[in-house]
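Biologist: Thanks for sitting down with me over this one. Could you walk me through the model, with the cut-offs as we go?

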Amino acid sequence: MESWLVPSNGKKFDADGAFAMMQVLDWTETSVKIAAGDTIYLYGSKPIGALTHECRVEQVGIPAARAIDTDAYWRDQDSQASARSSGTVMRLRLVRTFTDEQRAALSLEELCRSGLTGAPQGRRRVPAGVLALIGRVAV
């Protein structure tokens, strides 16, 4: 099983709001080979600049037409339309939402001190040092 960083743009989609109301939601897939059982750490882009959620991938390859309805949480209609027209989605189950204190400890600055080379612009494996940091913070 792999651990992944996945960027989450709050200007486009309200992940905090969605996960406050839902334990499971669907996220668009890309060519990156994320598999069922993998761990996803959502990285909230500016202005958050920190890890926000830990999720487990339950299923991959779900046709976008069968995705869970998250219309209420989209802030950008163009991004919503793009997500709906994407080929497939992966089903994520929320493991935890990081608290404000945990988010401060998992900020971009702290992540870079632990081996990340910059703000995640795309999906990427989590460096070992960042996994160790998460382990210390998320107890």
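Biologist: How many disulfides does the structure hold?

Modeller: Before counting, note that this is a predicted model, where local features need pLDDT of at least 70, side-chain atom pairs count only at pLDDT 80 or more, and totals for chains, interfaces and linings use all residues. Residues are numbered from 1 along each chain as its sequence is written, and side-chain values use heavy atoms, with hydrogens and water left out. A disulfide is taken as a pair of cysteine sulfur atoms within 2.5 Å. By that rule, the number of disulfides in the structure is 0.

Biologist: Is C55 buried or exposed?

Modeller: The classes rest on relative accessible area: under 20% is buried, over 50% is exposed, and in between is partly exposed (1.4 Å probe, protein chains only). C112, at 32%, is partly exposed. C55 has a relative accessible area of 0%, so the class for C55 is buried.

Biologist: Which residues touch the most other members of the largest nonpolar core?

Modeller: A nonpolar core here is a set of buried Ala, Val, Leu, Ile, Met, Phe, Trp, Tyr and Cys residues joined through side-chain atoms within 4.5 Å. The largest has 19 residues, and the two that touch the most other members are W27 and I40.

Biologist: Which elements each supply at least two residues of this core?

Modeller: Helices (H or I, at least four residues) and strands (E, at least two) are DSSP runs, numbered from the N terminus. With that labelling, the elements that each supply at least two core residues are β1 (3-8), α1 (15-21), β2 (24-28), β3 (39-44), β4 (50-63) and β5 (88-97).

Biologist: How many residues are in the second, separate core?

Modeller: This separate core includes L5, L111, L133 and A138.

Biologist: Which residues does S8 touch, leaving aside its neighbours within four places in sequence?

Modeller: S8 sits in strand β1 and is buried at 7% relative accessibility. Contact means heavy atoms within 4.5 Å. On that basis, S8 touches A15, W27, L42, Y43, G44 and S45.

Biologist: How far apart in space are K33 and R123, C-alpha to C-alpha?

Modeller: K33 is in the loop between β2 and β3 and is exposed, with a relative accessible area of 70%. Not counting residues up to four places away in sequence, K33 touches W4 and D38. K33 and R123 are 90 residues apart in sequence, and their C-alpha distance is 9.7 Å.

Biologist: Which peptide bond is cis, with omega near 10°?

Modeller: Look in the loop between β3 and β4, where P47 is placed. The cis peptide bond runs from K46 to P47.

Biologist: How many salt bridges does the structure hold?

Modeller: A salt bridge is a side-chain nitrogen of Lys or Arg within 4 Å of a carboxyl oxygen of Asp or Glu. One of them joins R125 and E2 (3.1 Å, N to O). That pair links distant parts of the chain, with R125 in strand β6 (residues 124-125) and E2 in the segment before β1, 123 residues apart. The number of salt bridges in the structure is 8.

Biologist: How far apart are the closest N and O atoms in the salt bridge of D26 with R91?

Modeller: Both partners are buried, D26 at 10% and R91 at 18%. The closest N and O atoms of this salt bridge are apart by 2.8 Å. D26 lies in strand β2 and R91 in strand β5, so the pair ties together parts whose separation in sequence is 65 residues.

Biologist: Which residue forms a salt bridge with R96?

Modeller: R96 is partly exposed, with a relative accessible area of 29%. The closest N and O atoms are 2.7 Å apart, and the partner of R96 is E54.

Biologist: Why is the ring pair of F13 and W27 edge-to-face?

Modeller: Rings of Phe, Tyr and Trp (its six-membered ring) pair if their centres lie within 6.5 Å; planes under 30 degrees apart count as stacked, over 60 as edge-to-face and the rest as tilted. The count by this rule is 2 aromatic pairs. The F13 and W27 centres are 5.8 Å apart, and the pair is edge-to-face because the planes are at 85°.
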